[in-house]
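Take a look at the fold below. We will walk through it step by step, from a single residue out to the whole.

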Amino acid sequence: MTAHDYEYALEIVDLTIDVDKHGERVPAVKGLTIRVRPGESHGLVGESGSGKSLTLRAVMGLFSKGAHYRSGLIRICGHEVLGPDAPNYDSSMRGKGVSMVFQEPAVALNPIMKVGWQIVDALREQEHLSRAAARSRAIELMTSVGITNPEDRFDSYPFELSGGMRQRVMIAAAIACKPKVLLCDEPTTALDVTIQRQILDIFRSVADSGTALLYVTHDLAVVSQLCETLSVIYHGSIVEDGTLRDVFDTPQDDYTRQLLSSTPYLKGAMRAATNTGAIDDKTSEKGD
């Protein structure tokens, strides 16, 4: 791995976010700390409403109406984007520093703009490429994420593509500028198992290139296939974190144990990962 002047591509330290509820501000994310190294895939696991997506949006500086940063800090590649020195969020790291794959591409993509040109826009804004060069690069990206006939798909509107194809377009746009950190907000939830596996393969290749992944999901089986480390969030707080093997084999928190016990097929997924060497490889890499 290329030497960096920072240990962590993403640092979230003691982050607290309040939301408006019944006329009051109440904490929804409470003193949350997560650190992800370059090339590492880190899972953030918890039930709906636990603060997972709110955390990702804070990293992007995309606070919805009624959500308020209170304290803590977020650093991307050692650069503070939110915290005491950047209380209004420094958006300069978006694109090349951090990018995000949203849960529902049909909502995130512009419905009246052809998908290829949505990737071109990201490239021209961040990389300052000519229109022709950006189009060529966009087609390369579409090919890299498994979009068949990318020249033809380039001029398709989002509604003309399947859910899996739309998600591939979203990933292509997100990785267009080679971000140091990629945030993934349950991007395979609405996809069938076969497409889900293909999308996870894409994320693995992105991490292998040195990008840090923070992958939000409620699906522990997905985590077992993709992540080396994970954090478990409950009611806005991290209740457990560690390597995949440690958390799955020797969970310390009751909530984690309940999550594991509620996923009966997880042991099979873990055995499959172990048999292919995926988990052992991840564990040894962490120790190097």
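Contact means heavy atoms within 4.5 Å. Keep that in mind for Asp18. Leaving out residues up to four places away in sequence, Asp18 touches Arg25, Val26, Pro27, Ala28, Gly66, Ala67, His68 and Arg70. This is a predicted model, in which local features need pLDDT of at least 70 and side-chain atom pairs count only at pLDDT 80 or more, while totals for chains, interfaces and linings use all residues. Residues are numbered from 1 along each chain as its sequence is written, and side-chain values use heavy atoms, with hydrogens and water left out.

Now the overall picture. The protein has 12 helices and 10 strands. Both are DSSP runs, numbered from the N terminus: helices are H or I with at least four residues, strands are E with at least two. Of the 288 residues, 51% count as buried. Buried means under 20% relative accessible area, exposed means over 50%, and partly exposed lies in between (1.4 Å probe, protein chains only). The protein exposes about 13500 Å², and carbon and sulfur atoms supply 48% of that. Such accessible areas come from the Shrake-Rupley method with a 1.4 Å probe; for residues, only the protein chains shown count as cover. Among contacts with a separation of 6 or more, 64% join residues 24 or more positions apart.

Back to Asp18. Where does Asp18 lie? Asp18 is in strand S1, residues 10-21. Its relative accessibility is 8%, so Asp18 counts as buried. The side chain of Asp18 meets that of Arg70 in a salt bridge of 3.0 Å, N to O. A salt bridge is a side-chain nitrogen of Lys or Arg within 4 Å of a carboxyl oxygen of Asp or Glu. Arg70 lies in strand S4 (residues 67-76) and Asp18 in S1, so the pair ties together parts that are 52 residues apart in sequence. Side chains of opposite charge can pair when their charged atoms come close.

S1 also has a strand partner. S1 and strand S2 (residues 24-36) pair in the antiparallel sense over 9 bridges. Two strands pair if DSSP finds at least two bridges between them. Pro27 in S2 is the bridge partner of Asp18. The hairpin of S1 and S2 has 2 residues between the strands, and His22 takes a positive phi near 55° there.

The whole structure holds 11 salt bridges. One of them joins Arg25 and Asp20, with the closest N and O atoms 3.7 Å apart. Arg25 is exposed, with a relative accessible area of 54%. Asp20 is partly exposed at 45%. Lys52 and Glu186 form a salt bridge too, with their closest N and O atoms 4.0 Å apart. Lys52 sits in helix H1 (residues 52-60) and Glu186 in the loop between strand S7 (181-185) and helix H7 (193-208), so this pair ties together parts that are 134 residues apart in sequence. Are Lys52 and Glu186 buried or exposed? Both are buried. Glu11, Arg35 and Arg75 are linked in a network of salt bridges.

Next, strand S3. In S3 (residues 41-45), 5 of the 5 residues are buried, so the strand is largely enclosed by the rest of the structure. Ser41, Gly43 and Val45 cover one side, and His42 and Leu44 the other; all are buried. S3 pairs in the parallel sense with strand S8 (residues 212-217) over 5 bridges. There, Gly43 has Tyr215 as its bridge partner. S3 also pairs in the parallel sense with strand S9 (residues 229-234), over 4 bridges. Leu44 stands opposite Ser231 in S9.

In the largest nonpolar core, of 50 residues, Ile119, Ile171, Leu182, Phe203, Tyr215, Leu230 and Phe248 touch the most other members. A nonpolar core is a set of buried Ala, Val, Leu, Ile, Met, Phe, Trp, Tyr and Cys residues joined through side-chain atoms within 4.5 Å. Helix H6 (residues 163-175) gives this core its largest share, 7 residues. Another core, of 33 residues, lies apart from it and includes Ala28, Leu54, Ile74 and Leu82.

Leu182 is found in strand S7. Leu182 is buried, with a relative accessible area of 0%. The C-alpha atoms of Leu182 and Val101 are separated by 7.5 Å, though the two are 81 residues apart along the chain. In soluble globular proteins, nonpolar side chains tend to be buried together.
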